[in-house]
Amino acid sequence: MPRGISPLDEARLQGRLWTPDLLPAPFRPNLWLDAMDLSTITAGTGVSGWRDKSGRANNAAMATTANQPTYQPTGFLGGPTIRFSGASQRLQVAHAASLDSTEYSFFGAVIDDGVSGSFRAWLEKSVNNSQTSRKYWLGVSNADQFWDISENVTVTSTGTVTKAPQVVAAVKPTTQAVGPARFFQNGVQTASDATFTNVTGNTSVLSIGGTFYPWNGRVAEVIFIPAAVPDYVRWLIEGYLAWRRGMRLAAAHPYRNRPPLIGV
């Protein structure tokens with residue numbers, strides 16, 4: 001290979017770069033929104049549509065112009081992203097059974113631009129502000145910590161949020177007996193909680209950019225899997241997101257120094 005080529009470029013040239021569409025059942029995504037895939041974004045004055053790449057047709061949309069977020073071609077480390085204002089801007093995915101699993105894993109490439117001391121959610125599926133009514137809620141708390149509420153469990157990350165690109169992951173099993181709900185930042189577990197109950201009968205829309213706690217920041221990619229993925233799958237997705245977006249994972253992460261490859 002030519003000198004100076006990066007591991008990511010080498011993997012692309014060899015056709016060996018791993019992507020989430022290679023995941024086997026039961027770990028295939030039921031929602032996959034990718035701002036780098038311009039064919040999935042419908043934008044005019046604002047973004048009115050963001051097409052789901054999972055094959056489940058869980059497309060995100062917003063018909064009201066005033067509530068549409070903006071497309072930024074270089075807003076995420078020089079790459080494309082969707083920017084939310086922290087007011088009423090959001091994209092909504094209609095309720096579907098494929099988004100209501102009792103176990104799940106979420107992954108995101110996000111940047112928090114929010115005002116200190118406010119709650120803000122980059123993803124939310126809830127009928128109201130009550131914690132017991134939230135199927136899931138991922139964002140930042142009023143203490144400026146990354147926060148995940150899944151099935152009436154609060155998982156708060158250690159330390160404060162930095163206004164920097166983050167690979168975030170939330171993994172929740174079916175029951176407490178299987179294991180705790182866990183939250184990760186850049187490949188490091190920063191929180192866990194073993195007390196939760198499944199919220200049933202939730203038919204609310206899924207909002208990218210929040211509804212009750214609007215997101216002030218950027219969302220470059222969202223992946224939802226209807227399973228509590230094992231660590232090796234989480235590592236693959238974190239590696240994919242980090243290398244594709246130009247982010248750095250923790251020193252001990254298996255994909256810190258190379259992207260995930262097909263057949264390796």
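Which residue stands opposite L123 in β10? The legends below take this up, strand by strand.

**View 1. The whole protein chain, a predicted model.** Local features need pLDDT of at least 70, side-chain atom pairs count only at pLDDT 80 or more, and totals for chains, interfaces and linings use all residues. Residues are numbered from 1 along each chain as its sequence is written, and side-chain values use heavy atoms, with hydrogens and water left out. The protein chain has two helices and 17 strands. Helices (H or I, at least four residues) and strands (E, at least two) are DSSP runs, numbered from the N terminus. The radius of gyration is 17 Å, close to the 18 Å that the globule rule gives for 264 residues, so the chain is as compact as a globular protein of that length. That radius is taken over C-alpha atoms, and the rule is 2.2 Å times the number of residues to the power 0.38. The C-alpha trace spans about 55 × 50 × 35 Å along its principal axes. Buried residues make up 53% of the 264; buried means under 20% relative accessible area (1.4 Å probe, protein chains only).

**View 2. An open sheet of nine strands.** The order is β2-β3-β4-β7-β16-β9-β10-β11-β12, and the pairing is antiparallel. Two strands pair if DSSP finds at least two bridges between them. Strands of a sheet pair through backbone hydrogen bonds, either parallel or antiparallel. Which strands stand at the edges? They are β2 (41-43) and β12 (153-156). Each has a single partner strand, so one side of each is left without a neighbour in the sheet.

**View 3. The edge at β2.** Three bridges join β2 to strand β3 (residues 47-50). The two run antiparallel. Look for T42: G49 in β3 stands opposite.

**View 4. Strand β10 and its partner β9.** β10 covers residues 134-140. Is β10 mostly covered or mostly uncovered? It is mostly covered: seven of its seven residues are buried. Strand β9 (residues 120-126) pairs with β10 in the antiparallel sense, over six bridges. Here is the reply to the opening question: L123 stands opposite L138.

**View 5. The hairpin of β10 and β11.** On to strand β11 (residues 146-150), which runs antiparallel to β10 and is joined to it by five bridges. V140 has F146 in β11 as its bridge partner. Five residues lie between the two strands of this hairpin.

Conventions. Buried means under 20% relative accessible area, exposed over 50%, partly exposed in between (1.4 Å probe, protein chains only).
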